[in-house]
Amino acid sequence: MTRRILVTSALPYANGPLHLGHIIEALQTDVWVRFQKLLGHEARYVCAEDTHGTPVMIKAQSEGITPEALIARVAAEHRADYQGFLVGHDWFHTTHSPENRHFTDLMFGRLKAAGHITQRSVRQAYDEQAGMFLPDRFVRGTCPRCKAPDQYGDSCEACGATYAPADLIDPRSTLSGSTPVWRESEHLFFALGRFEPMLREWVASGALQAPVRAKLAEWFEAGLQDWDISRDAPYFGFEIPGHPGKYFYVWFDAPIGYLGSLKALCDAQGLDIDAFLKVDSDIELHHFIGKDISYFHTLFWPAVLHGSGMRRPTAVHVHGFLTIDGQKMSKSRGTFITARRYLERLPPEALRYYFAAKLGPGIDDIDLALGDFTARVNSDLVGKLVNIASRCAGFVAKGGGVLASELPDPALYGEFTAAAPRIAALYEQLDYAQAMREIMALADRANQYVDAHKPWALAKDPAKAAEVLAVATQGVNLFRVLMLYLAPVLPQMACKAAAFLQTPLARWNEIDAPLLGTPLAPYEPLAQRLDAKIVAELVEAPLAPATAAVKPVAVKPAAAVPAAAVPAAGPGTITLDDFTKLDLRVAEVIEASEVEGSDKLLKLTLDLGGTRRTVFSGIRGSYAAASLVGRKVVLIANLAPRKMRFGVSEGMVLCASGSDDRVYLLSADDGAAGGMAIS
RNA sequence: GGAAAGGUAGCUCAGCUGGUUAGAGCACGGCACUCAUAAUGCCGGGGUCGAGGGUUCGAGUCCCUCCCUUUCCA
């Protein structure tokens with residue numbers, strides 16, 4: 001029976017670039033959708049740009065452009081990144097669209113008509129200078145409990161306390177720096193509590209993973225509160241019909257954006273959207289999300305759908321967060337890898353495979369361990385999988401380029417195809433990690449087969465040419481099965497493999513019959529090995545010691561030796577290897593300026609023979625900015641970039657220093673040019 | 001503060017409802033092979049399964065306490 005399935009992943013927000021955390025979700029979703037399509041099901045994957053809200057409005061203001069211009073630009077970047085990772089959205093829309101407005105108004109109207117919308121006054125922080133109400137995150141101040149300074153208005157990162165912005169000691173607006181005042185304003189609320197029985201029944205229907213159900217139980221226990229769905233002007237979003245000056249809260253119209261995107265898809269393809277949305281729809285609706293937005297997707301969203309007379313989600317699949325080498329990925333910690341940064345350096349399928357190899361059905365966090373990533377991809381994809389085709393192709397070519405007319409070991413082939421239901425079940429239940437393990441175990445078996453039959457030895461005897469071709473044919477067929485199993489994860493490689501095999505890899509049951517007596521195209525490498533050095537470049541800036549956050553960059557050369565190698569007592573002896581870890585370069589100073597707010601730092605723009613670097617250097621006490629332009633200084637070019645209050649410093653300029661307060665810049669002699677290596 | 005998940009070989013992880021000498025991949029050592037992108041195959045070293053109690057004929061697997069990590073809290 002053909003299933004009809006609508007799938008979504010969370011909408012990326014239009015105020016910043018995609019990072020690998022977005023990508024892991026998109027990949028989990030994309031693999032599932034591709035798998036469903038491979039089975040022959042009618043699956044559609046829609047997503048959209050999440051465009052509304054204060055952060056977008058503020059960011060656009062700060063860039064001096066309209067919100068529309070901002071979201072158009074960011075959406076284009078997001079699309080390019082998704083495409084770069086081979087994420088096959090059937091439709092990618094935007095929440096700032098007529099379709100989304102249609103559904104937002106429609107659903108609000110129905111909720112209101114059914115009496116699910118209430119109205120009451122709310123006291124909220126107001127920035128008189130900026131002329132607007134402030135979201136909690138835009139108010140900062142001292143934590144009322146632990147007295148930690150500079151905390152967000154909703155919770156304290158230091159002690160974990162949660163509170164209201166009004167509880168903060170010495171609150172300040174992050175927009176203007178002024179002290180907010182407290183003003184009353186009428187807000188609209190969605191009466192979530194009324195839906196508790198419906199939600200309990202929905203949760204019991206098996207739409208959620210066990211840990212998520214447990215979380216829901218906790219929320220039910222705490223009691224469901226009304227949800228504030230309105231915001232005051234100025235706000236970038238949809239004005240609420242019948243409530244001038246009030247706008248829908250971004251989180252109200254964001255999930256509705258799924259439907260807006262679906263509508264655009266249906267309009268384009270002539271589909272009947274009601275078939276998807278009617279209460280008794282037999283089309284499945286699957287949402288893929290991160291655990292941070294569970295509340296919106298497991299409570300508000302089903303309730304809003306139900307209250308609007310629409311169907312509820314079939315399932316909400318929650319995944320964990322991504323960590324990098326065990327560390328939380330975040331800008332402030334410097335372990336932030338953007339999708340773009342990855343794509344500029346490495347092939348998308350390497351990460352697709354690695355994430356698949358680590359994604360299970362649970363909500364545990366997924367670690368991208370860079371060393372493991374390199375080893376795993378090189379070993380599994382190149383050493384095992386691709387190797388099978390690579391080592392057999394030559395024998396087929398020499399034997400005439402056409403596969404043998406029968407398999408020498410049909411039982412082994414049968415063993416491979418017999419794994420199909422098991423692997424399908426694993427894909428279906430999102431246990432990609434187990435699926436990858438099973439597939440790689442089969443790849444081992446295929447290599448063992450080739451090894452046991454030694455076609456290279458047989459080939460020495462011209463009389464055994466048929467035997468050689470038979471073994472190679474077996475190997476190619478085993479490879480074909482594996483490649484089909486991996487097609488949801490590695491669509492590009494599957495495509496190249498199909499070209500090699502001269503037959504499509506488009507249907508799950510295509511492998512029922514082996515490929516016999518047909519020609520092969522010349523073999524071309526299907527995947528390249530990863531270079532550990534390039535992989536290491538993914539990490540932008542390792543965590544600097546917290547106490548050094550606002551200290552100027554150190555200028556003592558000795559401190560530049562890799563920290564781990566230096567005991568507190570002193571540098572000690574290092575090996576040549578240690579030294580060669582340093583990438584020292586001649587760099588020409590192009591611009592130099594004083595850093596406002598710092599009495600020690602100069603901001604230097606350096607030329608390295610075509611590429612530019614920005615470095616903050618603590619030499620203001622010894623050098624005037626203007627005197628530096630044109631000098632050729634010595635730069636540690638591979639020092640991890642470091643975030644400072646004033647920007648990111650991408651290296652360190654070497655200086656000598658003694659007992660006086662001065663530092664003395666090192667320079668290269670005349671004739672040296674920016675970018676030259678120093679050794 | 002409340003809650004959840006996790007702590008298993010150097011690294012990344014499997015180990016279902018408790019049951020023979022705890023597994024895989026990578027890394028490491030040895031051997032073989034040379035068709036293949038220094039790829040492959042075979043053999044091997046390596047773990048008191050976070051700590052301490054308890055239940056049981058028997059616990060990595062159940063219970064309690066503690067330690068550590070991570071996450072969630074509209």
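Reply: A residue counts as buried under 20% relative accessible area, as exposed over 50% and as partly exposed in between (1.4 Å probe, protein chains only). By that rule His41 is buried, since its relative accessible area is 15%. The model is a predicted one, in which local features need pLDDT of at least 70 and side-chain atom pairs pLDDT 80 or more, while totals for chains, interfaces and linings use all residues. Residues are numbered from 1 along each chain as written, chains are lettered from A and ligands numbered from 1 in the order written, and side-chain values use heavy atoms, without hydrogens or water.

His41 sits in the loop that runs between helix H1 (20-38) and strand S2 (42-49), helices (H or I, at least four residues) and strands (E, at least two) being DSSP runs numbered from the N terminus. Once residues up to four places away in sequence are set aside, His41 touches Met1, Thr2, Arg3, Ile5 and Gln36, where contact means heavy atoms within 4.5 Å. With Arg3 there is also a polar pairing, in which a polar atom of the His41 side chain lies 3.0 Å from the backbone nitrogen of Arg3. Such a polar contact is a pair of N or O atoms within 3.5 Å; within protein one must be able to donate a hydrogen and the other to accept it, and residues adjacent in sequence count only if both atoms are side-chain atoms.

His93 belongs to strand S3 (residues 91-94) and, at 15% relative accessibility, is buried as well. Its side chain makes a polar contact of 2.8 Å with the side chain of Glu99. Apart from residues up to four places away in sequence, His93 touches Cys47, Ala48 and Glu49, together with Glu99, Gly260, Ser261 and Ala264.

Tyr163, in the loop between strand S7 (151-152) and strand S8 (169-173), is buried at a relative accessible area of 13%. Its contacts, leaving aside neighbours within four places in sequence, include Cys143, Pro144, Tyr152, Cys156 and Leu168. Tyr163 and Arg145 are 18 residues apart in sequence, and their C-alpha atoms are 9.4 Å apart in space. In chain A as a whole, buried residues make up 51% of the 679 residues, and the secondary structure comes to 21 helices and 27 strands.

Of the atoms of RNA strand B within 4 Å of the protein, 72% belong to sugar or phosphate and the rest to bases. Arg529, for its part, places a polar side-chain atom 3.2 Å from a phosphate oxygen of RNA strand B.

Definitions and conventions:
Near = heavy atom within 4 Å.
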